[in-house]
Amino acid sequence: MSKWTTSNIPDLHDRSFVVTGTGGLGFEDALALARAGATVILAGRNPGKGAEAVARIKRDTPKAAISFEALDLADLASIAAFGERLCSQHDHLDVLINNAGVMMPPTRKVTSDGFELQFGTNYLGHFALTAHLLPLLRKGNHPRVVTLSSIAAHDGQIAFDDLQAAHSYKPMPVYSQSKLACLMFALELQRRSGAGNWGITSIAAHPGISRTDLLPNGAGASSILGLARRMLWFLFQPAAQGALPTLFAATSSEAKGGCYYGPDRLSETRGYPTAAKIPPAALDRQDAARLWDISEQLTRMQFG
C-alpha cells in the first residue's frame with residue numbers, strides 16, 4: 001500500500017456509505033467518497049453545519065449523491081430515530097464509518113443519557129448506532145464497519161470500576177479510554193461477525209495528528225492544546241491526509257477485517273496508510289467481551 005492516496009479509491013457508484021461527523025475528517029471522508037461516485041449520508045447533530053458541508057461537496061462535485069441526516073451520538077433516542085429512518089428508507093447499507101467524536105472537555109460533562117461525554121459519544125454512541133444499522137449492513141454488498149480510534153489509545157485503560165469517570169475525571173485519560181474502547185469494539189465486532197456469520201468486515205483506523213477542530217471544540221480554543229493547534233499548525237497534517245487511513249479501510253480491497261490502519265511516519269502521527277500497532281490492552285479478549293456486555297446493557301441494544 002505504498003503511498004496510498006484518494007487516487008487509489010475504486011469506482012464507488014454501486015456503494016452506499018454513512019459517515020458520522022460533518023467537519024474535519026468526516027467531511028474529507030464524505031468528499032473523497034462522493035468524488036468516487038458513492039452514495040453518502042453525512043450524519044451530524046448540527047443541521048446548519050450539515051447543510052453547509054453538503055453544499056461544499058456539491059460545489060466540488062455537482063453530481064455528488066450526498067445528503068445530510070440529523071444524528072446526535074450523545075443521545076440514544078436520536079440514534080434510535082436515525083436508525084429507524086434509515087431502515088425505513090433504505091434496503092441496505094454497504095459501509096458505516098464511525099468517525100465523529102469529542103475530545104477533552106476540561107470539565108466532566110454528560111450525555112442526554114447520563115454517560116460521561118467522551119465515553120458516551122465516541123464509544124457508546126457508535127456502539128448503539130452500529131447495532132441499529134446492523135440489519136441494513138447485513139444486507140449490504142460486502143459490508144464494512146470502520147471505527148475510528150486514536151494514537152491516544154496506547155495510553156488508554158478501561159476503568160471498569162468507573163467507566164463514566166464519576167469519581168475521577170481527567171480529560172486526557174478519559175479520552176484515551178474512549179478511543180481504546182473504540183478499537184476494542186472494532187476487533188470484537190470482527191470476531192462476533194465471524195462467529196455469527198453476519199458477513200460484516202470490521203476494521204479500525206486512526207488519523208495520526210491532524211488539523212481538525214476536535215481540540216478547539218473540546219479542550220477549548222484558549223486551552224494549551226487549543227493554542228498549540230492554532231499556533232503550531234505546521235505540526236498537524238492536513239485533515240485530508242489524516243482521512244487516508246479511514247478511506248483505505250473503507251474502500252481498499254487490501255484492507256482486512258480485524259486490522260488497524262494509521263499513518264506510516266513519525267510514530268504513526270503523519271503519512272500514508274499502513275498497518276498500525278495495536279496496543280496490548282486492545283487485544284485482551286476477556287476485557288473486550290466484558291466491555292461488549294456492559295455496552296449492551298448501557299445502550300439497551302443487542303447485536304445478532
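**Figure 1. Ser193 in helix α5 of the predicted model.** With a relative accessibility of 3%, Ser193 counts as buried, a class that is set at under 20% relative accessible area, with exposed meaning over 50% and partly exposed lying in between, for a 1.4 Å probe and protein chains only. Ser193 belongs to helix α5, which covers residues 171-196; helices (H or I, at least four residues) and strands (E, at least two) are DSSP runs that are numbered from the N terminus. Once neighbours within four places in sequence are set aside, Ser193 is in contact (heavy atoms within 4.5 Å) with Trp198, Gly199 and Ile200. Residues are numbered from 1 along each chain as its sequence is written, and this is a predicted model. Local features need pLDDT of at least 70 and side-chain atom pairs count only at pLDDT 80 or more, while totals for chains, interfaces and linings use all residues, and side-chain values use heavy atoms, with hydrogens and water left out.

**Figure 2. The chain as a whole and the confidence of its prediction.** The secondary structure of the chain comes to ten helices and ten strands. The radius of gyration, taken over C-alpha atoms, is 18 Å, close to the 19 Å that the globule rule gives for 304 residues, so the chain is as compact as a globular protein of that length; the rule is 2.2 Å times the number of residues to the power 0.38. Along the principal axes, the C-alpha atoms fill a box of roughly 50 × 45 × 40 Å, and buried residues make up 56% of the 304 residues. Of the contacts between residues at least 6 apart in sequence, 74% join residues at least 24 apart. The pLDDT, which is the predictor's confidence in each residue from 0 to 100, averages 93 over the chain, and 91% of the residues score at least 70. Over residues 226-234, however, pLDDT stays under 50, and the model has 16 contacts beyond four places in sequence for this stretch. Where pLDDT is low, the predicted coordinates should not be read in detail.

Figure 3. A search of the whole structure finds one cavity of 30 Å³ or more, a cavity being a set of points on a 1 Å grid over the protein atoms alone where a 1.4 Å probe fits but cannot get out. The largest cavity has a volume of about 40 Å³, where volume is the space filled by probe spheres set on the points, and the points are joined across faces, edges and corners. The lining, made up of residues with an atom within 4 Å of a point, consists of Leu73, Ala74, Asp75, Leu76, Ile79, Thr111, Asp113, Phe115, Gly120, Leu124 and Gly125. Helices α3 (76-89) and α4 (117-138) each supply at least two residues of this lining, and α4 gives the most, with three residues. By class, the lining has six nonpolar, three polar and two charged residues; Ala, Val, Leu, Ile, Met, Phe, Trp, Tyr, Cys and Pro count as nonpolar, Asp, Glu, Lys and Arg as charged, and the others, Gly among them, as polar.

Figure 4. Val40 has its place in strand β2 (residues 39-44) and is buried, with a relative accessible area of 1%. Val40 touches Phe17, Val19, Ala30, Leu33, Ala34, Ala65, Ile66 and Ser67, not counting residues up to four places away in sequence. The C-alpha atoms of Val40 and Ala65 are separated by 6.3 Å, although the two residues are 25 residues apart along the chain. Glu69, found in strand β3 (residues 65-70), also counts as buried, at 16% relative accessibility. Leaving aside neighbours within four places in sequence, Glu69 is in contact with Ile41, Leu42, Ala43, Gly44, Phe82, Arg85, Leu86 and Gln89.

Figure 5. His142, in the loop between α4 and β5 (144-148), is exposed, with a relative accessible area of 65%, and its phi is near 45°, a positive value in a residue other than glycine. Asn197 is found in the loop between α5 and β6 (201-205) and is exposed, at 63% relative accessible area; phi of Asn197 is near 55°, again a positive value in a residue other than glycine.

How values were computed:
On a 1 Å grid over the protein atoms alone, a cavity is a set of points where a 1.4 Å probe fits but cannot get out, and a pocket is an open set with protein on both sides within 12 Å along at least five of seven lines; lining residues have an atom within 4 Å of a point.
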